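Please examine the sequence and structure shown here.

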Amino acid sequence: ASYFITPPQATPIISDLRQGECKDSRFIKPLRLHYKQDSEEKQWDIIHSHDSVSILLYERDLEAFVIVKQFRPAVYMRNHNGYIYELCAGLVDKPKKSLEQIAVEEVFEECGYEIPTNRLQFVNSFYNSVGISGARQTVYLAEVSKEDKHALGGGTDGEKIEVLYLKASEALEFVRDEDYDKTPSLAFGINYFFYQYRPSHKRK
């Protein structure tokens, strides 16, 4: 199926993969939590990690969703590929900025669209990886147009994020296609768009 306006680039080859001990990460902190449940002593190993935001972008002029594809090392350990189709997203790691401010920064850095915070529409929030992390992800939706496109996107600090335009007419079929590895928030966001935000636009 031709899901994208421009096909994704060839997946870069990952090589020289090796594991090492994680001692001083800025992003995660392993902990052993001790607690009582109905007076019974218990313990659970957890990872403290940052919350996140994700943004479903709908490009009106192209009638397409703006999504990203990037390499996720943790997924590579599972499927030996590691490339995932996702919503534009970012960590909540700037204490002085609101979730909306962080979200619009990510939209610009990853996808190249410059939008004000009042363009964002809150969709919902969820707890992810509840067995080990419990980080909260807040999902927004924003409509954009060619007039908002002021940069190429692609991320910062060597992120190597590929920006893709997923045809709205093919998006629900794409969500169902397991040949394309994707995040739950991408699947949720697209279904939300068609079944709640704009149900009249549902094609398939």
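The points below are grouped by topic.

This is a predicted model, in which local features need pLDDT of at least 70, side-chain atom pairs count only at pLDDT 80 or more, and totals for chains, interfaces and linings use all residues. Residues are numbered from 1 along each chain as its sequence is written, and side-chain values use heavy atoms, with hydrogens and water left out.

- Helices (H or I, at least four residues) and strands (E, at least two) are DSSP runs, numbered from the N terminus.

**Pairing partners of β3**

- Two strands pair if DSSP finds at least two bridges between them.
- With strand β6 (residues 88-91), β3 pairs in the antiparallel sense over 4 bridges, and I55 stands opposite C88.
- With strand β8 (residues 135-144), β3 pairs in the parallel sense over 8 bridges; E59 has V144 of β8 as its bridge partner.
- With strand β4 (residues 64-71), β3 pairs in the antiparallel sense over 3 bridges, and L57 stands opposite V66.
- The hairpin of β3 and β4 has 4 residues between the strands, and E63 takes a positive phi near 50 degrees there.

**Salt bridges**

- The structure holds 10 salt bridges, each defined as a side-chain nitrogen of Lys or Arg within 4 Å of a carboxyl oxygen of Asp or Glu.
- The side chains of E86 and R72 form one of these, at 2.7 Å from N to O. E86 lies in strand β5 (residues 83-86) and R72 in the loop between β4 and α1 (73-79), so the pair ties together parts that are 14 residues apart in sequence.
- E86 counts as buried at 6% relative accessibility, whereas R72 is partly exposed with a relative accessible area of 35%.
- K94 and E105 form a salt bridge at 3.9 Å from N to O. The pair links distant parts of the chain, 11 residues apart, with K94 in the loop between β6 and α2 (99-111) and E105 in helix α2.
- K94 is partly exposed, with a relative accessible area of 26%, and E105 is partly exposed at 22%.
- A network of salt bridges links D93, K94, K97 and E105.
- E41 and K36 form a salt bridge at 3.9 Å from N to O, and both residues are exposed.

Conventions: Buried means under 20% relative accessible area, exposed over 50%, partly exposed in between (1.4 Å probe, protein chains only).
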